[in-house]
Every structure is written in C-alpha cells, then in structure tokens.
2 protein chains.
Amino acid sequence: MARKPETFREKHNIDVRTRHEVIGIDTDARKVQVRDLEAKKEFWEPYDQLMIATGARPIRPPIDGIDAGGILDVNTLGQGIHFKKVMDESAPKKAVVVGGGYIGLEMAEALKMRGLDVSLVEMAAQVMGTLDPDMGEQVSDALMEDGVHLYRKETVKGFDVDNGQVRGVVTDQRTLPADIVVLGLGVGPNSGLAKDAAIPVGVKDGIKVNELQQTETDGVWSAGDCVQTHHIVSRRPFYVALGTVANKQGRVAGINLGGGYATFPGAVGTAITKYMETECSRTGLSEREIDALGWQYAVGKIDAATLPHYYPGSAPITVKVLAEKGSGKLLGAQIVGGKGSAKRIDVAATALHAGFTLDEMLYLDLSYAPPFAGVWDPMVIAARKALKGI
Amino acid sequence: MARKPETFREKHNIDVRTRHEVIGIDTDARKVQVRDLEAKKEFWEPYDQLMIATGARPIRPPIDGIDAGGILDVNTLGQGIHFKKVMDESAPKKAVVVGGGYIGLEMAEALKMRGLDVSLVEMAAQVMGTLDPDMGEQVSDALMEDGVHLYRKETVKGFDVDNGQVRGVVTDQRTLPADIVVLGLGVGPNSGLAKDAAIPVGVKDGIKVNELQQTETDGVWSAGDCVQTHHIVSRRPFYVALGTVANKQGRVAGINLGGGYATFPGAVGTAITKYMETECSRTGLSEREIDALGWQYAVGKIDAATLPHYYPGSAPITVKVLAEKGSGKLLGAQIVGGKGSAKRIDVAATALHAGFTLDEMLYLDLSYAPPFAGVWDPMVIAARKALKGI
C-alpha cells in the first residue's frame, strides 16, 4: 500500500492548533494569551518570534437591524457556504447589494446570473470608487444596461425587519424591498489584537511594518490585509486588502523569519474586476489620490478598440493615463472596456514599478498582431495624449 | 453642398506621384533618378532631405519552378487580392505552406479554416524559429493536432510544374501534391537602392540609422522594415520587420524631418501570433540568441493555467523566462498557451525596457481577480524558478 504523503505540517513539525484563539499579546514577556475554544480554558504560550496574520474584517456600520437574517457578509469561506444555503433554501427573488466596489460588483453579477432582481445602493456618484468618476460612470452604465437597479448618492439608513428577517433596505431616499441583502462595504485591517498590545499601527489602523515585514515591536512580524503597505508611486503608506499583495508580503515575512533575507518593495495599487462583459482595472494613483498629495498632473484619455477594426471579436476599450506635470512621470492608469481589455493594465503597473515617464511609455515594444491588438496600443496613445498636458 | 474635406496631401501641399519609381540616388548631388512608369521616361529630381521607406521584400530562393502559377506570395495588398481571386476561381483542395514562421502559421490557419487540406514544410526541427525549440514544439503539436500535415527538418528542393501551374512541392524527403503553394520564408530589407547609392547597410543589409533615424549619409533618413534596429537587450543591431517597430521609427523620423526632436530607443524583439486557439509570443533574446552573444543564462519554465483552477474558461499556459547568470537580469521570455495567454508577454517586454532583474520581477503588482488570473502570475513563478539558476 502507498504511504500517505507526509503533510507540510508533519514534515516541518508544526504544532497546528485549530479551535484556539489568541486573545492577548504580552510583547515584553514575549508570550501570547490563548483561548482553547473547545476546552473553554485560557493559557499563556511563549514565543521567540511572533507572526501576526489576522487579515481583514468587513466594515459593518452600526445601523439598526444590520444583524437581521438575510443580511449576508461575504468575507469568509463559512459565510460563503451560509450564503449558498440561504439561496438554496429560501429561493430569494429580490436582492439589494450595499456598496458598489469590487465585492458589490461581483455579488451583483453572481445574483443577476442566478436570476434575481438586483438593486445596488452606492453612497458615491459612481460605482467603483477606486476609479475616477468619469471611468466609474462607464461601469455604472454597464450595470444599468444589464437591468441592475442602481441607486447612486444614496446612503443606507436602516433595514426593515420582520420577525428577525430582513424585508427591505431603507435609504435616505426610499425603501427597497429585499429578500436578501449583501454587504460589500469594504474591509479594514483586523488589527485590534496588535493595537491592544501597543504594536504601532498607521493608515486605517493597519499595522506598521518595514520592508522586511517587521513591526515596530521587537520579535513581532506581520503581513497581509492587517498591515499598511508602502505605495511605490505616492511614496507614502496606504491600506490595500488584496490577495496578491498579501501573498507577496507573506513570502517576504516567511523568508526572513526562516533566517533568509528578502524585502518587499511596496505596491502600486493594481486592481481588476468585471461586471458581466464589462471589465475594469486601475493601477497607481487616481485623480482624487493625486489631489490629496497636492501634486499636479496631466490626463490622457482615449476611446479605442481592443483589436483592429477589421478583425472579428473587437471590443471597446477606454484607457486613461495620469502623469505628473513637469516630470512627465506616469502616476496612474485606468481601463474600462469589453472582453480582453482590463488585464492590459499590467503594462502600466510594470511601468510604475520602473518609474517610467510618458516618453518612455511611447516606445514600449508591445506585442502586435491583428488577433491581439492594434499597431499602436491604446495605453501608448493615451500616454501620447497626456504628454500634451505636461 | 458640403465641401469635400481637404486631404492631408492638399493641406500640406504634398506632391504625391503614383506610378513613379525611384531607380537611383546621387547622394553627392542630392538628387534621385525617377522613372515615370506610365510615360515610360526617366528624370532626376533634387532633394534637401531624403527619406527612404522602401520596407521589406519577401525572401524567394532561386528554386526551379518558383515562378509557376499557384505559388503565391503574401507580401503586398495586391498579392492578397490575387490570392483571394485564385481561391475563388480555382477552388484549390490541397495547399502546401513553405515556412513555419509568423506568416506560415497565419496562412495555414486561414487555409484550414477555408476547408483546404494543408501541409506545412519547415526546414528547422520546430515551427516558430523565434521561439526556443521546446516552446516551438508545443506550436508544432497544435498544428498536427488540428490536422495540418507538418514536415519538419525538410527542405524544399523544387516544384512539380505542369503547364505553367504548380502541381507539387518536392522536398529532400518526398513530393507533396499541391493545388496552391504559399511562400512564408520571411522577409529581408528592401535596401538595394540605398546599397547602390553607397548608403551604409548593416545586419542582413538593413540600412544603418542612428537614434534620430538618420542614415550615415548626409541628408538621408530611413525607417521601417528597410533599416537595422538597435536591440535594447543585446545592445547590438538586429533586423526586425514588424509594423509596431516600423510605425514608431517612422514617427521619430517624421518628427526630426519636420524640425522637431525625437529619438528611437530601440526594440526588445516582441512578437505574437496564433494558430487557431494556440497562442504564442516572445520578447527579448532566445536561447540561441544568447548563445550567439556568448552570455550565460538561467532558465525558468512553468506549465500553469491562465485562470485559477476553479474558474470556468481557464486555458493552459507555458511561460519560459531567461535571465543572465550572475546579474539576474531578465534577458527574454516566451509564452505558448490557450486563449488569453500570449498577450501577457507585454509585462516581460516592459520589464526588458526597464532593465529589471528577476528579483524586481518577483514583486510586480500585477492585476489579480479569478476571472483574469491567479494570485501569482505564471510569469512571476517562472522568474522565481529562473532565480534558482542565477
């Protein structure tokens, strides 16, 4: 008989304790207070090095009725399984999604594909607040064209609850009937444990870490959605809760904890999502973010097509490029378009890592053949337009 | 009545003479010898600045019978129209494509889609000679799986011709029956006119130009498929006949000729094509090109998927990364895969422009969401593998 393959845990002699929760950290004595959730007892455990990887927690504003049945979070795997159970058992007809960011859009898409009548409530003027409003408007349009009832510049004030079950979402404008409500209001760092232990936190209470993923407290490391991250373009810390950044930071922390050496250079704020066939992506700084820094910038924006006009399967693509006045340094880029458009943001993300100016963007040797792109990449044409404002 | 819009030619008072051919250049006297193809007379025309944009000409080896009817070039628009006419009028059943490069692959695809029985003869061990053989083999496999009769390591020795019409292709191994034959043997610079005028030429007789697109002869400029190009990675001139490079060089020449100032930094050798659903792309240097420079390199290669395994529509993707020993500097990358794989080469092309090392590749903030990619980009995983050999 074949031997069962050795698990990572066995091979490295890792003591994994499930159903245990860390409830306190004593950074002077280098020990953590642990609660055994099954035996219901607490004890202190010593450490040489401590890694905090507590991730993010969803933002849940203290609105009356928010804990009613049918108001669903989509943060953990368990919540996903619960969501599916609710869908199967109560066969809801009307869904209200609160928040038009990445999670809100993905949930609106999933619920629409399952045949529900979907409303989406967004506080801002447009969905996808990480895009500039002119780009976000294109995504708003895509939602409405697909039959999503979109309510912008509306704030959720409460919930109609009947017998512990949600029946409607009350905004400052109207009441929307709802069999289920999905909360997509973003996440924040789950850093309460660190804060309580006086481990310094920064932006939005993200744990402060250096390039090695060391916190400012001796022997304590952190990585992922619970830390603040260095933004390569703004050269300031920011908060980003994305799997790509978390994974890279985790790798760096692991190498250093294991006695190796690695540094995390920071991120440029790249993100991507889609609603049905409408894709959108962004990297670097948005107009709002540049304004907040007090920097001046030029804009280049172009409506083009993913493929040459004569080639079948072409889709619209709008590319917007932002660059610093004077230096011409690329500051950010955004894409909204049809199938095959959004992933092209990676060229701009790589250019931001390189610190390229618009001039350097112009002559990038990007791949061209009619089934894939036009001779002049829309990103390059947008860069050329932005150059006029430098 | 609306006035007919002014043409570019009218607006800028450009004297365009069609049906005229330049047959000689006197660079000392600064004049060109012109043949009026209609009046059938010749005359000399003076110039202050001369721009040579004669492009490429297809390679046609002096094989017996190569001028027979049914042996088709696909270089000019006129040849394309002629090709279509032959297809419509003689309804050929069997096609032989000679050469397995970009044009050979595209023509094999087009003819297969029109229902012809297609054979392809390639001198080398694999099609797509700009890829490394291990990557090219995957493209060869895709052709054969789709029913293309592929003959590798075979050389065309002649043609069976009957009554002025091709009937077969004779290789060093066999005779392949053919109603039509397509030549896809590559192109070379159409630089005879420049050479005759003693304008210096370099690699493969490509006209030598500097960053401003000036030739080494006073008052003579050149750009596009007739010139040699600076390779940013090898730091040596090379010959590349691609629309993207030609367009960029033309823009630089035009700006300088118009009294402005622009420089062309060179190219990194990016190219892309597909056969049906199998896409391939490359950038930078191949193993053969690195060997020719005498440089040493490490290889990282990974078989992955375009999307996370649980997401529908995922396709296989093989990424190969080449990097310099010691420095870890990225030297090249190649991709072969299914739908949505090949255009990702642009990240590597941009990284080559930036002169990135593998270490710098590892932490690129590339876009991630399940409909678009996995958390770790296959290009980054391949870079991580290559790092082990540095």
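Tutor: The radius of gyration used here is taken over C-alpha atoms, and the globule rule is 2.2 Å times the number of residues to the power 0.38. For 390 residues a compact globule would have a radius of gyration near 21 Å, and chain A has 24 Å, which agrees. The model is predicted. Along the principal axes, the C-alpha atoms of chain A fill a box of roughly 70 × 60 × 55 Å. Chain A contains ten helices and 22 strands. Its division is into domain 1 (15-48), domain 2 (58-185), domain 3 (187-267) and domain 4 (279-387). Between the centres of domain 1 of chain A and domain 2 of chain A there are 37 Å, taken over C-alpha atoms.

Now the pair. The same surface serves both copies, since 100% of the contact residues of chain B recur in chain A.

The contact itself takes 38 residues from chain B and 38 residues from chain A. On the side of chain B that touches chain A, the elements giving two or more residues are α6 (243-257), β18 (271-275) and α8 (345-354) of chain B. The largest share of this side, eight residues, comes from α8(B). By type, the residues on the side of chain B that touches chain A are 24 nonpolar, nine polar and five charged.

One of these elements, β18 of chain B, leads on to a loop. Met276(B) is found in the loop between β18 and β19 (278-284) of chain B. Met276(B) has a positive phi of about 55° although it is not a glycine. With 17 other C-beta atoms within 10 Å, Met276(B) is partly exposed. Arg235(B) also has a positive phi, about 60°, and is not a glycine. Arg235(B) sits in the loop between β16 (229-230) and β17 (237-238) of chain B. Arg235(B) counts as exposed because it has 9 C-beta neighbours inside 10 Å.

A buried residue gives a contrast. Gly337(B) belongs to strand β22 (residues 330-337) of chain B, and it counts as buried because it has 25 C-beta neighbours inside 10 Å. Gly337(B) and Glu279(B) are 58 residues apart in sequence, but 5.4 Å apart in space, C-alpha to C-alpha. Leaving aside neighbours within four places in sequence, the contacts of Gly337(B) include Glu279(B), Thr306(B), Ile317(B) and Ala342(B).

Buried residues make up 43% of the 390 residues in chain A. Among contacts in chain A between residues at least 6 apart in sequence, 59% join residues at least 24 apart. The largest nonpolar core has 201 residues, and those with the most contacts inside it are Val181(A) and Val181(B). Apart from neighbours within four places in sequence, Val181(B) is in contact with residues including Leu72(B), Val96(B), Val98(B), Phe159(B) and Val166(B). In soluble globular proteins, nonpolar side chains tend to be buried together.

Conventions
Residues are numbered from 1 along each chain as its sequence is written. Chains are lettered from A and ligands numbered from 1 in the order in which they are written. This is a predicted model: local features need pLDDT of at least 70, side-chain atom pairs count only at pLDDT 80 or more; totals for chains, interfaces and linings use all residues. Domain bounds come from an automatic or database domain assignment. Two residues are in contact if their C-beta atoms, placed from the backbone, lie within 7 Å. Helices (H or I, at least four residues) and strands (E, at least two) are DSSP runs, numbered from the N terminus. Ala, Val, Leu, Ile, Met, Phe, Trp, Tyr, Cys and Pro count as nonpolar, Asp, Glu, Lys and Arg as charged, and the others, Gly among them, as polar. A residue is buried if 20 or more other C-beta atoms lie within 10 Å of its own, exposed if 12 or fewer, and partly exposed in between; C-beta atoms are placed from the backbone. A nonpolar core is a set of buried Ala, Val, Leu, Ile, Met, Phe, Trp, Tyr and Cys residues joined through C-beta atoms within 7 Å.
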